[in-house]
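Thanks for making the time this morning.

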Amino acid sequence: VAVERIVAGLERRSRVLNAGERRAVAFHEMGHALVALSQPGSDPVHKVSIIPRGIGALGYTIQRPTEDRYLMTRAELERKIAVLLGGRAAEMLVLGELSTGAADDIAKATDIAREMVTRYGMDPGLGPVAYDVPRSPAPEFPLAWNGDARPLSEDTLRRVDAAVAGLVGAGFESATRCLAAHRDVLERGAQALLEHETLDEAALRALTAGLR
């Protein structure tokens with residue numbers, strides 16, 4: 001409970017969603033969980049809920065790492081981006097339209113992609129070069145460029161933006177493919193969330209048995 005309060009904030013049961021919003025949130029959160037559960041090497045999903053929390057969270061998905069990590073590979077960061085965009089991909093796949101619910105996910109995915117390109121030299125085209133951005137302590141907590149560093153040329157900025165967009169786009173496509181391949185699990189999971197509001201690790205294991 002304490003971890004949930006730190007990660008997602010206090011419950012806000014007074015925030016009442018209409019039926020359409022509640023359904024969208026259920027598919028959104030199950031999208032995150034299903035993409036995470038389907039990828040080897042992803043942190044285990046501890047809990048998924050559609051109970052509103054904090055200032056703006058209409059639901060949440062909590063993953064817990066099994067060990068301390070000090071290094072992350074490109075593939076692991078790409079998986080993080082896919083998981084972040086799993087909610088948006090689920091909404092688009094099932095509901096056929098996009099909502100404002102993925103704003104924070106998109107910002108986090110974009111920040112990770114930008115760090116991959118500008119700090120970690122993970123884009124083959126741009127090479128192992130640091131493109132004058134402030135240093136961040138970890139990929140999960142990136143810092144936005146604030147204009148203090150040496151300005152980049154217009155051509156380099158375009159290439160950086162294209163590389164970042166490419167990583168985020170690839171993550172969204174990966175999430176969409178995963179959810180389309182397991183559409184039945186996505187539907188069952190969202191329905192279970194609508195019925196029970198919260199699914200713990202055991203319930204998720206039962207829903208996704210044999211997924212990988």
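This is a predicted model: local features need pLDDT of at least 70, side-chain atom pairs count only at pLDDT 80 or more; totals for chains, interfaces and linings use all residues.

Before I come to the helix pairs, one convention is needed: a crossing is called left-handed if the near helix is turned anticlockwise from the far one by less than a right angle, and right-handed if clockwise.

The mean pLDDT of the protein is 84, and 80% of its residues reach 70 or more. Confidence is highest in helix 4, residues 86-95, with a mean of 96, and lowest in helix 1, residues 2-8, where the mean is 42. Over residues 1-10 the pLDDT stays under 50, and for that stretch the model has 18 contacts beyond four places in sequence.

Now the overall makeup. The protein has eight helices and three strands, and along the sequence they follow the pattern α-α-β-β-α-α-α-α-α-β-α. Of the 212 residues, 41% are buried, and if we take the contacts between residues at least 6 apart in sequence, 69% of them join residues at least 24 apart.

The crossing of helix 3 past helix 5 is left-handed. On the side of helix 3 the contact involves Arg74, Leu77, Glu78, Lys80, Ile81 and Leu84, and on the side of helix 5 it involves Asp105, Lys108, Ala109, Ile112, Ala113 and Met116. Sorted by class, this contact has seven nonpolar and five charged residues, and no polar ones.

Which residues of helix 3 are buried? They are Glu76, Leu77, Ile81, Ala82, Val83 and Leu84, and the buried residues of this helix pack against helix 2, strand 2 (60-63), helix 4, helix 5 and helix 6 (154-181).

The second pair is helix 2 and helix 4, which pack at an angle of about 125 degrees with their axes 7 Å apart, and these two helices are therefore oblique to each other. Here helix 2 passes helix 4 in a right-handed crossing. Helix 2 contributes Arg23, Ala24, Phe27, His28, Gly31, His32 and Val35, which meet Gly86, Gly87, Arg88, Ala90, Glu91, Val94 and Leu95 of helix 4. The residues of this contact divide into six nonpolar, five polar and three charged.

Is His28 buried or exposed? His28 is buried, with a relative accessible area of 5%. Leaving aside residues up to four places away in sequence, His28 touches Gly86, Gly87, Arg88, Glu91, Gly101, Ala102 and Asp105.

Finally, I would point you to Glu197, in the loop between helix 7 (183-196) and strand 3 (198-200). The phi of Glu197 is near 70 degrees, which is a positive value in a residue other than glycine. Glu197 is partly exposed, with a relative accessible area of 25%.

Technical notes
Residues are numbered from 1 along each chain as its sequence is written. Side-chain values use heavy atoms; hydrogens and water are left out. Helices (H or I, at least four residues) and strands (E, at least two) are DSSP runs, numbered from the N terminus. Contact means heavy atoms within 4.5 Å. Ala, Val, Leu, Ile, Met, Phe, Trp, Tyr, Cys and Pro count as nonpolar, Asp, Glu, Lys and Arg as charged, and the others, Gly among them, as polar. Buried means under 20% relative accessible area, exposed over 50%, partly exposed in between (1.4 Å probe, protein chains only). pLDDT is the predictor's confidence in each residue, from 0 to 100. Axes are lines fitted to C-alpha atoms, for helices over the stretch in contact, and angles run from 0 to 180 degrees between N-to-C directions. Angles under 35 degrees count as roughly parallel, over 145 as roughly antiparallel, 65 to 115 as roughly perpendicular and the rest as oblique.
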